[in-house]
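Biologist: I'd like to learn how to read a model like this one. Could you walk me through it?

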Amino acid sequence: MTSKIKPAKGAPYARIMGVGGYRPVRVVPNEEILKRIDSSDEWIRSRSGIATRHWAGPEETVAAMSVEAAGKAIADAGIDPSQIGAVLVSTVSHFKQTPAIATEIAHRIGAGNPAAFDISAGCAGFGYGLTMAKGLVVEGSAEYVLVIGVERLSDLTDLDDRSTAFLFGDGAGAVVVGPSDEPAMGPTVWGSEGDKAETIKQTIAWDVYREETDVRFPAITQEGQAVFRWAVFEMAKIAQQALDQAGITAEDLDVFVPHQANMRIIDSMVKTLKLPESVVVARDVETTGNTSAASIPLAMERLLATGAAKSGDTALLIGFGAGLVYAATVVTLP
Amino acid sequence: MAHTQEQILEGLAEIVNEIAGIPTEEVKLDKSFTDDLDVDSLSMVEVVVAAEERFEVKIPDEDVKNLKTVGDAADYILKHQA
């Protein structure tokens, strides 16, 4: 029997058309972090490479930061907001589970009535969104897709925990994915390792507060050494697979944009992957901290804005984090 | 092939030299990784992974914290090597 269902008509390929970022106004130096923990500027820099981070003020909400970043990405892509067919928002620090924050953002940017939903995939969330966006564009359910990574991790930071108080930052990064005549997004190598779910986590579940009112607000904690080993050595293998599946080698690469978790992880990954010195490596963590889902688009935006990377460059992106989850892919920069 | 304690010490010295820049002759069995050899908790993970490859041994995360001195690591490898 012949099917009567007519499929959607998608684009031959997809590409990232534009990128935008928003960093909160307030810059927080290590000195401020040191008021609450017994540590030093030197210790924080040597363990994380972080010198400053941005922390959002009351007006810089998850939605407000997203709208700013999205506006820049849409302008960079050269399309009208009304052309966007889907809005995908990755965040772990929007504190209302329903409705999804994506619908409010879609409305505020003037996108009309696109599909809109949130993604919970920690620091790999941007890569998860990017992969879904590529699928939607090629399959034909949306011509243009807005992918946003946004976090206010300062709200989930334990300022008295000397191993994480300095780590996290706030911000939003966005890209527009749209149709392309030639391949500009390679296969995604992604997955999860649920047996390591306890390695990075929110300390307390929300329903605890129903019974106990004197419990401290939750924070993100992690097992530093276990995460470091997984991130550097296991994720280097995933990154290599993304290169292999895209049909290129490290020599063909112009730019490396890993999740900005920690400078030590970035340095060790570069070493483990044996990246040639010609490859530009994103080191945005120094002045942005770890912004989870926002870190890759923010780092990408900064490399392009400063001229360290240029449109048309071939970039390897890899996100990894709580889950544990990961996503790596090779893209052409917008 | 099993390694002797002497070979393991020599290997660890080369690994610590590569990762932390400490001269190999300073890496002795009684030296503490963190206090004497400038190997912090993250560098320790790199030392462990390099040692795993070199000596064909598995050192799980929960055992890493017990390896305070070079001697602790050498004994662990000696006992657990294939």
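Biologist: Which helices do the buried residues of α5(B) pack against?

Modeller: First, the ground rules. This is a predicted model, where local features need pLDDT of at least 70 and side-chain atom pairs pLDDT 80 or more, while totals for chains, interfaces and linings use all residues. Residues are numbered from 1 along each chain as its sequence is written, chains are lettered from A and ligands numbered from 1 in the order written, and side-chain values use heavy atoms, leaving out hydrogens and water. Now the general idea: an α-helix has 3.6 residues a turn, so residues three or four places apart point the same way. Helices here are DSSP runs (H or I, at least four residues), strands likewise (E, at least two), numbered from the N terminus. Buried means under 20% relative accessible area, exposed over 50%, partly exposed in between (1.4 Å probe, protein chains only). In α5 (residues 70-80) of chain B, the buried residues include V70(B), A73(B), A74(B) and I77(B). The buried residues pack against α1 (5-20), α2 (33-36), α3 and α4 of chain B, with contact meaning heavy atoms within 4.5 Å.

Biologist: Where does V57(B) lie, and why does V57(B) count as buried?

Modeller: V57(B) is in the loop between α3 (41-55) and α4 (61-64) of chain B. V57(B) counts as buried because its relative accessibility is 5%. Leaving aside residues up to four places away in sequence, V57(B) touches A51(B), E52(B), I77(B), H80(B) and Q81(B).

Biologist: And F217(A): which loop holds F217(A)?

Modeller: The one between α6 (208-211) and β10 (220-222) of chain A. With a relative accessible area of 44%, F217(A) is partly exposed.
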